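My notes follow in the order I took them.

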Amino acid sequence: MQGIWAIARLMVAESIRRRVAIVFIAVQLGLLAVLPFVVEGDGVTLRSRVQSCLAYALGAVGLLLSLLTVFLSCAAVADEIRNKTVFTVVSKPLARWKLVAGKWLGIMLLNAALLGVTLLAVSAAVWYLARQPTSVPGDREALQFEVLSVRHGVKPSPPDFQALAEEEIRRLRQENRLQDVSPDGVEAVRRSLVDNYRAGWRSIPPGQGRQFIFRNLRVDREQEGYLHLRFKPTHPGGLSDVAALVRLYCGDPEDPDTQMAPVEMECLVDRFQTVPIPLAAVNREGVFYVLIASADRGFTITFEGDDSLELLYGIGQFHWNLFCCLAILWCRLAFLAAGGLAASCFVSFPVACMAMMLVLFVSASGGFLMDAMEWVDPGTTGKADPMWIFGPPLRWIGRTFVRLVPDFSRYDATGNVASGRLIPLVWTFQAAAYLVLVRGLILGVLASVILTWREVARPTA
Amino acid sequence: MVATAVPVVQAVGLTKAFKDFWHRQRVLAVDRLDLDIHANEVFGLLGPNGSGKTTTIKMLLGLLYPTRGRIGVFGRPPTDVAVKARIGYLPEESYLYRFLNARETLDFYGRLFRIPRPERRRRVDQLLEMVGLAGEARRRIGEYSKGMARRIGLAQALINDPALLILDEPTTGLDPIGTREIKDLILFLNREKRKTILLCSHLLADVEDVCQRVTVLYGGRRQAMGDIRELLSQRDLTQITTERLEPSTIEEIRRLIERLEGKSVLSVTAPSDKLESFFLRIVREARQARLRTSGAASGGQIADFLASGSAEGEALIASLVTASTRPAPAGTTPETPAPPPEEPAREVIDELVAGARRSAEGSPPEESPAPQAAEADTGVIDDLVRRAQERRAPGE
């Protein structure tokens with residue numbers, strides 16, 4: 001371990017004393033210092049300004065540290081070989097895998113330190129912005145609840161569609177409307193009923209109401225405080241400039257203690273609405289019932305998409321979320337460092353850099369690349385292959401490469417930080433397991449094998 | 001120098017061919033080289049540029065892999081990490097980290113040998129003192145002159161108190177004083193510490209001064225190998241050296257030789273001083289006159305951890321070679337340095353003087369096993385004694 005530690009210390013010293021690392025660090029710190037003063041958000045609310053600042057700062061730090069990691073890792077071993085400093089290192093009692101491990105550790109220690117600085121700088125920026133004056137009523141509260149806290153979001157539990165369909169079948173039988181129908185026909189009716197319920201349970205026809213149930217809420221109903229019901233009704237015709245009249249009946253229908261006075265509100269469709277609800281509306285089993293009625297007789301309102309209806313409640317501090325977000329970013333950097341080192345063990349710095357830039361590009365836009373390849377695939381389009389006979393092998397190589405490279409959008413929690421949503425700990429563990437322990441380790445082993453197998457000296461005779 | 005039966009370094013049919021991208025053989029850098037380096041000897045690898053010396057050394061260290069043939073260091077393959085704990089290596093140029101200073105550099109290499117921190121600090125201080133860079137220890141190596149970088153390169157090769165020291169062109173870039181000091185150090189490490197040293201050079205004077213056995217390489221092939229005295233001796237000539245003679249006496253001797261042996265005298269000359277000796281004398285006088293200079297100071301006394309402790313010599317090497325048959329923990333240094341004596345410089349010098357006297361008195365010159373080495377030794381001792389006295393003077 002002492003050998004690995006010695007190499008790691010050397011790597012950190014080298015990174016700090018090399019101008020390229022200093023430039024990156026200076027740009028990062030400068031950016032974090034300037035952002036709070038230049039970011040406008042929607043130009044009106046403080047909440048939006050803080051959210052934009054967070055999104056820009058975390059995005060920029062992610063990009064800058066990714067580039068720094070690629071440069072450092074690609075130079076790490078290749079430069080040792082080019083400058084021949086590797087001669088005096090591998091002629092010491094240090095296994096070559098330890099050289100790779102030490103370099104990786106050094107880069108990741110530097111990254112951890114820089115992410116620590118980021119944590120402090122972003123916290124300071126947010127602290128500064130949160131104290132700026134605002135003229136919008138409720139803006140400061142919105143900032144506090146929607147950005148500067150960590151909220152857990154709960155989706156409504158879908159009803160038991162099978163049971164509902166069964167009940168409907170029973171009713172139809174009682175009304176003798178299924179007596180001439182074969183068993184297969186009844187089954188078809190049942191299936192179609194289930195499909196209908198599934199498609200319609202998030203829609204509320206005009207003049208009707210629908211009950212939504214949120215379970216497993218970890219809140220103390222005896223405490224002062226609020227839940228926030230967040231929803232976005234949509235118009236069936238896709239209109240966005242009409243208002244819907246909505247009435248909310250909160251509380252367990254069988255528990256009078258939980259029942260609240262109805263709330264009626266007019267809300268623009270296609271916009272998120274947030275309604276505070278006292279914690280006392282949650283019953284003793286941690287279940288919250290809300291009946292949403294469309295008081296308008298004009299059109300059916302629908303909650304499309306998973307996020308269009310949810311219940312949010314605060315469970316922690318903003319800093320914890322920020323820490324988790326940066327921890328996930330560290331895992332991404334760990335993967336990039338391992339990849340850069342592996343490349344650095346068998347090609348020169350510029351070639352390794354180009355390869356890793358490609359990896360970085362693909363990992364940031366893998367989904368788009370897959371779609372792009374679909375669009376030119378004659379199997380999808382039915383047209384002639386624009387790349388002629390080279391199309392199939394090129395697409396195969398492209399798809400294989402995209403599949404091998406992790407999709408970084410799956411390991412990006414910036415959105416959660418900006419919207420004050422809890423970053424589940426499992427995300428961090430997934431990133432650590434998948435990016436560091438599996439892919440990072442595979443690349444590390446590959447780098448070690450290459451470095452052990454290759455000759456580190458070049459012909460001189 | 002007595003050699004043990006098992007060589008410290010053994011190469012059999014060692015061949016290295018460099019190939020191009022298409023695996024076509026481009027250069028045969030080393031061609032079927034057989035090499036045996038025994039314990040406690042200074043072995044010279046001699047040859048012009050491009051003769052395969054450095055390639056051979058790189059194969060010994062596992063930096064290059066042989067195309068054909070077999071190579072063993074302490075009975076193990078050179079890629080064995082444990083073996084490297086016993087080797088000190090000075091490359092042909094000091095490939096060091098330019099962004100570190102001298103102290104950080106030595107500390108870094110000390111860490112790679114897992115030397116504990118207090119011991120590491122002690123060794124670093126002593127080595128910096130020994131190579132004359134104690135005053136420049138905080139300067140980055142990128143700012144060093146070639147000679148200074150060479151000195152720090154040598155210091156890193158000695159940080160682990162190695163049993164086998166591989167020096168590739170150690171005197172390149174050094175002034176004559178530095179060169180002399182390195183040669184003295186080689187002789188000291190070999191004689192007093194019974195270290196095995198492989199010296200690779202194209203500077204014939206270096207090799208001649210310190211090596212006991214040499215291999216001459218040319219075109220990657222061994223051209224000659226053996227005891228340096230045997231290789232250099234001119235058996236059909238006899239040289240007589242006396243104090244200055246009158247021309248009439250010389251004429252008398254010439255006639256006597258012709259009468260008794262029937263042979264003619266080939267030349268009669270007054271021997272001139274070697275340029276190296278002349279240069280060293282001038283500098284010594286200038287130093288005594290307290291003239292200042294920049295750059296590295298002249299080397300100091302031998303580092304305690306190298307000078308102290310009993311020289312286990314053959315026993316040590318034998319145990320290393322024997323140990324090679326069983327796995328040894330990585331990073332263990334073969335010798336545990338004893339605590340430093342109170343007056344190391346005096347002890348070292350006393351030991352050296354005593355040793356030199358013994359060898360001078362013990363056997364007649366014509367039967368002496370190493371007359372040239374003994375001559376060099378006396379020079380070293382004189383120099384060491386004089387320096388120690390100079391250094392002691394201000395304190396007393």
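**Entry 1: helices 4 and 5 of chain B**

I started with helix 4 (residues 146-158) of chain B and helix 5 (residues 176-191) of chain B, in what is a predicted model. Their axes lie 12 Å apart, at an angle of about 10°. The two helices are therefore roughly parallel to each other. I then listed who touches whom. Helix 4 of chain B brings R151(B), L154(B) and L158(B). Helix 5 of chain B answers with G178(B), E181(B), I182(B), L185(B) and L189(B). Sorted by class, this contact has five nonpolar, one polar and two charged residues.

**Entry 2: helices 7 and 8 of chain A**

Next I turned to chain A. Which way does helix 7 of chain A pass helix 8 of chain A, left-handed or right-handed? I found a right-handed crossing. Helix 7 covers residues 161-174 of chain A and helix 8 covers residues 183-200 of chain A. Their axes come within 9 Å and cross at roughly 130°. Helix 7 of chain A and helix 8 of chain A are therefore oblique to each other.

From helix 7 of chain A I noted F161(A), Q162(A), L164(A), A165(A), E166(A), E168(A), I169(A) and R173(A) in the contact. They meet V186(A), V189(A), R190(A), L193(A), V194(A), Y197(A) and R198(A) of helix 8 of chain A. I sorted the residues of this contact into nine nonpolar, one polar and five charged.

**Entry 3: helices 10 and 12 of chain A**

I looked up helix 10 (residues 349-375) of chain A against helix 12 (residues 391-404) of chain A. The angle is about 130° and the axes are 9 Å apart. That makes helix 10 of chain A oblique to helix 12 of chain A. The crossing is left-handed. On the helix 10 side of chain A, the contact residues include L358(A), V359(A), V362(A) and G366(A). On the helix 12 side of chain A, they include R395(A), G398(A), F401(A) and V402(A). By class I have eight nonpolar, two polar and four charged residues in this contact.

**Entry 4: helix 3 of chain A**

I picked L67(A), which sits in helix 3 of chain A. Setting aside neighbours within four places in sequence, I found L67(A) in contact with F24(A), M357(A) and L360(A). I also checked L67(A) against C353(A): 286 residues separate them in sequence, but their C-alpha atoms are 9.5 Å apart in space.

Further along I found R82(A) and D79(A) joined by a salt bridge, at 3.6 Å from N to O. The pair is three residues apart in helix 3 (residues 46-83) of chain A, so about one helical turn separates R82(A) from D79(A).

**Entry 5: where chain A meets chain B**

How much area do chain A and chain B bury between them? I read about 3,300 Å², with 62% of it on carbon and sulfur atoms. Each side is listed: 35 residues from chain A and 35 residues from chain B. R17(A), K92(A) and P93(A) supply 21% of the area that chain A buries against chain B, more than any other three residues.

Then I counted charge pairs. Two salt bridges cross the interface of chain A and chain B. I also looked at the pairing of K16(B) with E455(A), a salt bridge whose closest N and O atoms are 2.4 Å apart. Over all chains, the count comes to 42 salt bridges.

Technical notes: Residues numbered from 1 in each chain as written. Chains lettered and ligands numbered in written order. Predicted model: local features only at pLDDT ≥ 70, side-chain atom pairs only at ≥ 80, totals over all residues. Heavy atoms only, no water. Axes fitted to C-alpha atoms, helices over the stretch in contact; angles between N-to-C directions. Helix = DSSP H or I, 4+ residues; strand = E, 2+ residues; numbered from the N terminus. Parallel < 35°, antiparallel > 145°, perpendicular 65-115°, else oblique. Left-handed = near helix turned anticlockwise from the far one by under 90°. Contact = heavy atoms within 4.5 Å. Nonpolar A, V, L, I, M, F, W, Y, C, P; charged D, E, K, R; others polar. Buried area = accessible area lost by both parts, 1.4 Å probe. Salt bridge = Lys/Arg side-chain N within 4 Å of Asp/Glu carboxyl O.
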